[in-house]
Structure formats: structure tokens, C-alpha cells
Amino acid sequence: MPATPAIHILLAIALLVSLGACSAILRNPVPDEMHLETTVLDQPNLRIWGDAYDPSQLGLDQTDQEFKAAFSGIMHREHNYLAISGGGANGAYGAGVMVGWSTLGTRPEFTMVTGVSTGALTAPFVFLGPEYDDELKLLYTTLDTSRILFRRSVFSIVRGDAIIDSTPLRDILDQFITEEMVAKMAREYRRGRILNIGTTNLDAGRPVIWNIGRIANSSHPDAAKLIRQILLASASIPGVFPPVYIQVHTPDGRSYDEMHVDGGTSTQMFLYPTAANVSEILELMDVRGTPTAYVIRNSRIQPRYDPVRARLPDIAGRSVSSLIRTQGIGDAYRIAAVTYRDGIELEMTWIPANAPSDPGNEVFDPAYMSALFEFGYQRVINGRAWSEVDLSRLIPAAIE
């Protein structure tokens, strides 16, 4: 998320309120001794912890025949993977890159797509292909702050769980993530393609990876609702946006709620669990050629010098933006390391120094987002978006 003056103020208020306010939100959190045993939609295999590896998530607990049936649509062919990071309004850059790639006619079908925060909002449209480019462009070039959030009153802030009301964003998700779209996600899941979204379970303090296609294919009447909740949670900055309370059940049938917030609280981007035996998976799938992983970092990597005023909002805002930038670089190193280990080519794109600047007047400024979208679009058209990355050259010396 870009560190705009508006966000500086939001962070400062959130910090002050957290020091003394008593929440009026009534919760029914999962008891500690049961929090590892909960299920969602009465199914145990819709998500995994992002900091642990579960072979069942990739189907490796199945027989060879079951495995081949589950992934029939992505076997004996080339593989391409895509990870989309957080970045708030800067998600317009990644959206422009994807639409420009479609225009070139060289955009591959991605075997797996992952998303965090604003990347979570982008990922479903990218996963379903260029036919959703119009919706993607609309989301990242026309919506302003007033259509994404409401600012709450001081009284509501003191009594509540956030300083912003995210009802407008929830309504947008209701509008765009339709039952038809969810049915298409389920169809692609049945082909073996994967759409994973990251949130943070704040009760546990751990990242969670949700298998959106498996949820869509669950035939549960609340599947679409849960998918919208996950996308909203992944984009909900804690303390600023309200957390999302997801209903879960314990083995004895009792119902509780989990508090989920922005996936960027745990990681800015992810590809697959580092402990996964990808070589075994690629061999089982008889993948042709060398797989390629693409990473979109919706942020600037190069630091900028900008003297900070000696005020709490400015100090807090700049500190958070610095933390996010360095966290993203660390995540890039992690992805580079695992892809190098597994023999997967890595291509990365990020917002260069010569991209349009955020004026900082609004959290979501459609003029800035439109300019950044067009910048990303043209960068792909001109063949300058993607950079090959390896461990010895993770961040090229010449950051344009």
C-alpha cells in the first residue's frame, strides 16, 4: 500500500485508538485447543497454513490414478505460474501489465495463480483469462476512495474494530464475483488449475492459503459468499479496514469465528510452500519444457529520499511503507531461491522509478491509477516489463 498522507493519518489514528479503546464487537473465537481442527463449509481441505506444508493440498496423498484424474487438464504440457503481490492502488500497475500482455497475444494460460491483498482482488480475473480484462481495467482505473470505503466517525472508531467501513468494497465484490464467475473457477479447478489467495489468521498470527477453485467446486451454497469474504479479508489492512470474521466449525459441530486480515501482514507475495517436492510433482505431471514463474510486485523497489516531518502520522506511515518495501524484497529472494532449487525459470516485474508518481491526496486516486495502469500496459507492449531473475541477480543494478 502506498504511503500517502491519508494513510499516514489512518495509521496514526489506528495506533492511538488501539492503545485505549475497548471494542464493542462481540466475538466467538475458536478455543486455543481446537484452532488446528476447524473446518470451513464443513470441508477439511479448503485451505492450509501458509507456513507449513501439507502434501494433500497438492494432491500428493492420492493414488497415481486419482492424481492424474485431478490434474488431467495440466498434464503433458508446459506450465506457467503467476504470483501477484499487494500494493493497494499500485495494483493498477499489475492490472495494466496483464491487459497489455493480452493485447500482445503472448499471455499464457497460467497453471497456477496466487494473490495477496490487492493481488488477491486481481487474481480471479487474471486466472479466468483475457475475457475478464475489461472488468480488471474498470476496477483499477475508475474507482475512487469514496467507492471503496467510508470513513467512520470518531465514536464509531473508538467503539469498533477499524477506522474505515469497507462496505463499498464488499459491495463491489458482490457485484463482480458472480455465481457465473465462481462456476468458471470451479470448471478450471476440475481441469487441475490452481487459484490460491493468502490471508492472515490474526488469532493464530499465521498466514493461510485458500484454494479458491476447490471452494468454488465444493457445491456448497455459501461457496461464492466465502470466496468474497476471503478476497475482502486479504485486502483488509488491520486497524484500518475491518477484519473479516469467517465462520468455522470444530469436530464436535460447534460454530466459532476466525479473524482474518490482509495477507500482506504475513507476506507480500507467495508462489508455493518452500517444503513442497516440486520436482516430484513436475515428474508426475510430465510437464513439458522448463516451467516459468512470473511475479508481479505492485510496488517500487528502489528507496527514495524524502525527509520525514517529526509527527506521529508521518513517522508511522513512512515506517510502514519501508517495512512493506523490504518485506517484498525478502519475499522475492525466497521465491528466487525455491524456483532456482526446483529448476523453474523466474521472471519478475515491479514499478520502476520513472513510473507516474502518486500525488498522495487520496488512498485511491483514479487519475493516478489510470496513469499507472497505462504505464504498465505500455511497458509490456514495448517489451520492457519482465526481467529474468536468478539468485546472483535478483535485483538488476539498473533500476529504470
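Predicted model: local features only at pLDDT ≥ 70, side-chain atom pairs only at ≥ 80, totals over all residues.
Local features need pLDDT of at least 70 and side-chain atom pairs count only at pLDDT 80 or more, while totals for chains, interfaces and linings use all residues. Residues are numbered from 1 along each chain as its sequence is written, and side-chain values use heavy atoms, without hydrogens and water.

The protein chain holds 13 helices and 12 strands. These are DSSP runs numbered from the N terminus: helices are H or I with at least four residues, strands E with at least two. Of the 400 residues, 55% are buried (under 20% relative accessible area, 1.4 Å probe, protein chains only).

Helix 3 packs against helix 5. The axes are lines fitted to C-alpha atoms over the stretch in contact, and angles run from 0 to 180 degrees between N-to-C directions.

| Item | Value |
|---|---|
| Helix 3 | residues 91-104 |
| Helix 5 | residues 133-141 |
| Angle | about 155 degrees |
| Axis separation | 10 Å |

Helix 3 and helix 5 are therefore roughly antiparallel (over 145 degrees). Their contact (heavy atoms within 4.5 Å) uses Gly 91, Ala 92, Ala 95, Met 98, Val 99 and Ser 102 of helix 3. Helix 5 supplies Asp 133, Leu 136 and Tyr 140.

Where does Phe 364 lie? Phe 364 sits in the loop between strand 11 (345-351) and helix 13 (366-381). Phe 364 counts as buried because its relative accessibility is 10%. Its C-alpha atom is 5.6 Å from that of Ala 89, 275 residues apart along the chain.

Key. Parallel < 35°, antiparallel > 145°, perpendicular 65-115°, else oblique. Buried < 20%, exposed > 50% of the residue type's maximum accessible area, 1.4 Å probe, protein only.
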